[in-house]
Amino acid sequence: MKKLYPLFLVMCVASLSRSQGLTDSARQAVSQLPFTLNLPKNEWHLAVNEAPRHYIFKRNPVIDSTGRQIIPAIMVYVEDASGFQQNVSIFCSKHMQPLIDNGVTTNRMLIQDDKDYPLTYRNAIFVDGKYTSRGIEHVIYLIYIIDKHNNGIQVYLDMTKEVAGVYGHEFWEVIHSIKEKD
């Protein structure tokens, strides 16, 4: 992920809500965000807080079969998306292109009318992707949303493919918890 990490840091996106077992700083950060998101376990903590535009949540390390410490991450960015005139396809394309240029490939892309679409947001795109960094395969989910307040939201969920077999359900819990605030 080292190759892609700087790209995530310069991109802009989203917000979350209170999750059980979070530290006070993480709880405060998620309460400030324009959408709700529940972290599934107290294994997650706030690693970067550049409110109100950029947050990174990291899981406590898990050990893979080679003994490496793997730290799954959830990156959230929020920006003013009024210039996109609610066109989430253009918003998605603009922010995905640098990732594609750096090796992220798409397994599938889902919109609200697709059968397996996992979000309640209507103006969003869900991308199931992958990439390889330092010879290690990663699973990455990319979510692009433009909400009713013209917040452009990006949520990236990233872990290695190997640990996704055991810990991937945590990402799906997070994905299904993403809801628009009233």
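1. Two strands pair if DSSP finds at least two bridges between them. Strand 9 (residues 136–146) and strand 10 (residues 151–160) run antiparallel and are joined by nine bridges. Val139 has Met159 of strand 10 as its bridge partner. Helices (H or I, at least four residues) and strands (E, at least two) are DSSP runs, numbered from the N terminus.

2. The model is predicted: local features need pLDDT of at least 70, side-chain atom pairs count only at pLDDT 80 or more, and totals for chains, interfaces and linings use all residues. Residues are numbered from 1 along each chain as its sequence is written, and side-chain values use heavy atoms, with hydrogens and water left out.

3. The open sheet has seven strands in the order 2-3-6-10-9-8-7, with antiparallel pairing. Strand 2 (44–50) and strand 7 (105–110) are its edge strands, each pairing on one side only.

4. Helix 3 (residues 88–101) has 14 residues and spans 20 Å from first C-alpha to last, close to the 20 Å expected at 1.5 Å a residue (1.5 Å times one less than the number of residues). The helix bends by about 30° at His95, and Pro98 follows within four residues; the bend is the angle between axes fitted to the seven residues ending there and the seven starting there.

5. After helix 3 comes Gly103, with a positive phi near 105°.
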